[in-house]
Amino acid sequence: MNPSLQAVRGMNDILPDEAEIWEHFEDIVRDWLRRYGYRPIRMPLVEPTPLFCRAIGEVTDIVEKEMYSFEDALNGEKLTLRPEGTASCVRAAIQHNLVASHGPQRLYYHGPMFRHERPQKGRYRQFHQIGIEALGFAGPDIDAEHIIMTAALWKELGLDDVRLELNSLGSSAERAQHRAALIAYLEGVQDQLDEEGRRRLYTNPLRILDTKNPALQSLVEAAPKLADYLGDESRAHFEGVRMLLDDAGIAYRLNHRLVRGLDYYNLGVFEWVTDRLGAQGTVCAGGRYDSLIEQLGGKPQPAAGFAMGVERLLALWQENGQLPERHAPQVYAVHQGEAARRLAFRAAENLRADGIDVVLHCGGGSFKSQMKKADASGAALALVIGDDEAAAGEISVKPLRGDDAGGRQWRVALDALSETIWDSLLDDETDMEQK
Ligand code: ATP
Ligand code: MG
């Protein structure tokens with residue numbers, strides 16, 4: 001294939017074998033979100049560029065170098081493919097008065113995000129997040145709920161090697177005090193910083209603490225800690241979260257260098273990390289962002305949320321080997337001849353209307369080659385319709401798996417078909433359970 005026609009680097013096709021696993025995962029996630037009272041919201045993939053600059057912060061990796069931004073060729077509007085969901089979700093809530101008219105909101109969304117990063121395992125240019133935002137909640141209860149619900153999801157998925165890291169970023173006043181102390185400290189060691197560190201010294205010094213440069217580790221380890229600048233209120237909030245986590249039996253590590261890559265966070269922030277995915281080990285991250293709604297022009301409202309990286313979670317799920325079986329149809333219908341084909345269409349539609357998954361053979365071929373396809377499909381039963389059946393208005397049913405396979409085959413009238421198929425499928429299920 002001509003390379004210029006292939007998918008954009010870092011943007012992946014998800015082929016059927018894998019997409020079925022995605023759908024299974026999404027089903028589990030949807031049920032889980034409903035159990036906690038979260039409701040879906042869907043936002044556009046494209047937003048005005050200033051929304052992200054304002055929400056995420058000018059001096060962040062995302063805004064500085066990762067956004068897919070462009071001008072609309074027709075009207076010159078500055079647009080960006082969303083790099084994350086919180087800004088869009090908050091914008092939607094403000095624009096439609098969700099919190100003002102209906103009170104606090106528990107929301108979730110799911111979909112692709114776009115960041116121009118160097119593609120590698122667990123890091124793509126189009127990737128997927130499941131994001132949760134709780135708008136209008138001030139207390140530590142909602143922070144704890146978010147962490148406890150994620151822990152429950154890991155349990156349900158059978159992921160046991162993700163661990164929790166926690167930090168408190170305090171209030172903006174406390175961060176300002178800490179920031180001054182941090183800048184003074186970093187000025188003293190300026191000649192040891194790397195280029196990015198020097199560039200961020202006055203614009204976003206907190207982010208220097210988050211550096212991945214090994215040469216800077218001991219230097220940032222010795223830097224003034226935000227924890228030492230927290231006031232009573234911030235401490236009480238953090239302690240409130242920790243108490244509920246202790247009650248729930250959730251272990252965590254306090255990581256005073258956990259600052260998150262986006263500017264909008266305050267108070268409690270958290271990350272779930274694993275060692276099993278190499279360098280891309282964070283599978284879920286979030287925290288409180290009390291000033292964002294006001295910053296985007298809404299009436300001030302506290303809020304907290306988190307996002308999970310779907311590709312990374314699925315990679316971990318796959319490593320743990322707890323994958324669902326490939327989905328097979330329940331019935332595969334084979335047929336030969338004009339009258340048989342017309343009967344096969346009616347039979348298949350009847351079964352589907354009664355909730356049975358049917359693949360109807362298309363494309364002709366001998367009965368033998370059609371039966372091979374039926375076997376390969378993994379279906380439990382085949383419908384076999386030839387001239388005889390067509391003339392009698394009946395359908396032959398042939399078990400393809402289990403004890404009956406190869407042996408018994410029976411014929412039924414069209415209007416008795418659903419019942420006999422359901423009976424046979426349910427019998428199979430009971431047999432399986434007894435084994
Ligand atoms: P990282 O430090 O790995 O770049 P981040 O802090 O930029 O992560 P967030 O903006 O917090 O990530 O996004 C939440 C989650 O989305 C991450 O924890 C990760 O699981 C996932 N994620 C972020 N960027 C990517 C990407 N480029 N490809 C795949 N997953 C990603
Ligand atoms: Mg990043």
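Is Asp31 buried, partly exposed or exposed, and what is its relative accessible area?

Analyst: Asp31 is partly exposed, with a relative accessible area of 42%; buried means under 20%, exposed over 50%, and partly exposed in between, with a 1.4 Å probe and protein chains only. This is a predicted model, in which local features need pLDDT of at least 70 and side-chain atom pairs count only at pLDDT 80 or more, while totals for chains, interfaces and linings use all residues. Residues are numbered from 1 along each chain as its sequence is written, chains are lettered from A and ligands numbered from 1 in the order in which they are written, and side-chain values use heavy atoms, leaving out hydrogens and water.

The side chain of Asp31 forms a salt bridge with that of Arg34, at 3.4 Å from N to O; the term denotes a side-chain nitrogen of Lys or Arg within 4 Å of a carboxyl oxygen of Asp or Glu. Both residues belong to helix H1 (residues 16–35), three residues apart, or about one turn of the helix; helices are DSSP runs (H or I, at least four residues), numbered from the N terminus. Arg34 is exposed, at 54%.

Arg35 pairs with Glu156 in a further salt bridge, at 2.7 Å from N to O. This pair links distant parts of the chain, since Arg35 lies in helix H1 and Glu156 in helix H6 (residues 140–157), 121 residues apart. Arg35 is exposed, with 54% relative accessibility, whereas Glu156 is partly exposed, at 38%. Over the whole structure, the search finds 23 salt bridges.

Notes: Helices (H or I, at least four residues) and strands (E, at least two) are DSSP runs, numbered from the N terminus.
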